[in-house]
Amino acid sequence: MSRSRRDMPTMMRQHAQLASDIFRCMQQPRSPKQEKSYRRAVNHQCSYCGAVDTGSLRACSLCRSVRYCNRDCQTADYKSRHKEECSEFVHPPFTTAFLTEPVGDAKYARDPVFAKGSLNGVGCWVSVKGGSYARLQNLHNGLPPKSLEENMEREKMAALYPEVAGQHRIYTSCLLTLNILVQNRRKDKAPAMVFGALAHILSFAHSFEDCMKGEIPGVDKINSIVDERGEKHAILTVVDDVWDKKPRLFISHIDGINVSNQPNRPEIIDAARGIVKLDPGQFVVMQLQYRIGDGTDIRRDWSALACMQSLILPIFAPWDDKRPPDVYDRALTEYLKGKIEHLLGIRCDLKADPLEDYYGDLIYHGDRKFVESHYGKEHADALERKHNEVFEHEEEMARTFRMMGGGTLDAFVEHCKRSGLGKNMPESLKAALGREF
């Protein structure tokens, strides 16, 4: 026997570390050099003439989507195009937190816009926070990505409560992570209130049945709305975490500043509910997760996005502070649970062309081509090596389980079946275990 029973905790921790490493590699595919290029383009490149200036550039105070090296460039751009583009929400604010255009030698933007909309002087742009392989995420991993210690705690909870883990399908890859930017561009200087946890996806009618497969009896109920043609559309709300029962959302940036460790900023009214107050010119970036299907037919970001007709983001603008925000939050929450007759909020309709442009290599040529074209050959090679290392370690774990006896392997396999882990287990690990899942 190459490993003893007391070595298994060590092996499990090593496996968790490997899984954590590959998860970070997939979620943060850009190199430090690329990030430096992004910051330079955002902070030092004139939007009109393209000149790079190492000094401080002028910016439009309302939209922050343009910067200029001098007053002449600012005046010329305003007259020729920016006056209309600013009021029509053509471009989001220029920030490294939400880059919607390719920078340097990159072929694709880091945060491509798939949908956008505006209402009452507030705009919203919708992208995806996906990994290198554009695979849907699961409830087992935290949002935002957790430290190794936090992931181990989540693993312990799954082991202690396998029935709960199985009921919630925590290992099933069915979560679409949207990355949205919301900005207040009101010219009357009035604030706007954003209700992130109430943002909901309106499905296409032809995707209704696929989306309804994500409904879990006793856990959540998917609502619907009937259009003027009598066709049903699913209404998908932000999914709750299985362990802390809070919405799976994360406020990452305000005005381009990372606020992941600053929940007490004055703009953040309720971090857990994604309630944010924005003055004119201010913007927030947040991530939201939705369960799309049951993990069988829809397993990639692009296939989940193809089910999405619109994202609806409830906002109040102008906001007058006459009532506490939580009053509106509770009222809208109840409305989304009942009979929905009207969609309330900014409606961001999905555009098909950007979707196919961005995911074309993945759809038609596979994983390797997609990773190379979007992140480079070096990253593709590194990711492949990391995956091989994880699979080899899983096979070693399986062999150890087989030799431990005493029903330990059977218990492990049964846990995998109950929790849903077996459905997403690599074929190499299934073969090494010698069991059917």
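Are Phe370 and Tyr375 buried or exposed? Both Phe370 and Tyr375 are buried (under 20% relative accessible area; exposed is over 50%, partly exposed in between, with a 1.4 Å probe and protein chains only). The views below start from this pair.

A note on all views: this is a predicted model, where local features need pLDDT of at least 70, side-chain atom pairs count only at pLDDT 80 or more, and totals for chains, interfaces and linings use all residues. Residues are numbered from 1 along each chain as its sequence is written, and side-chain values use heavy atoms, with hydrogens and water left out.

**View A. Phe370 and Tyr375 sit in an aromatic cluster.** The cluster is made up of Tyr108, Phe114, Tyr358, Tyr359, Phe370 and Tyr375. Rings of Phe, Tyr and Trp (its six-membered ring) pair if their centres lie within 6.5 Å; planes under 30 degrees apart are stacked, over 60 edge-to-face, and the rest tilted. That rule gives 14 aromatic pairs. Phe370 and Tyr375 have ring centres 6.4 Å apart and planes at 90 degrees, so they count as edge-to-face.

**View B. Leu305 belongs to the largest nonpolar core.** A nonpolar core is a set of buried Ala, Val, Leu, Ile, Met, Phe, Trp, Tyr and Cys residues joined through side-chain atoms within 4.5 Å. The largest one has 59 residues, and Leu178, Ile180, Tyr290, Leu305, Leu311 and Tyr359 touch the most other members. Ignoring neighbours within four places in sequence, Leu305 is in contact (heavy atoms within 4.5 Å) with residues including Phe114, Leu178 and Tyr359. A second, separate core holds 11 residues, among them Phe195 and Ile225.

**View C. Helix α8 packs on an open four-stranded sheet.** Helices (H or I, at least four residues) and strands (E, at least two) are DSSP runs, numbered from the N terminus; two strands pair if DSSP finds at least two bridges between them. The order is β12-β13-β6-β16, with antiparallel pairing. β12 (268-270) and β16 (315-316) are the edge strands, each pairing on one side only. Helix α8 (residues 325-337) touches β6 (192-195), β12, β13 and β16. Its direction makes about 40 degrees with that of β6 (axes are lines fitted to C-alpha atoms, for helices over the stretch in contact; angles run from 0 to 180 degrees between N-to-C directions). Two bridges join β12 to β13 (residues 275-278), and Asp270 stands opposite Ile275 in β13.

**View D. Leu62 is a buried loop residue.** Leu62 lies between β1 (58-59) and β2 (67-68), and its relative accessible area is 17%. Lys187 is 125 residues from Leu62 in sequence, yet their C-alpha atoms are 8.1 Å apart.
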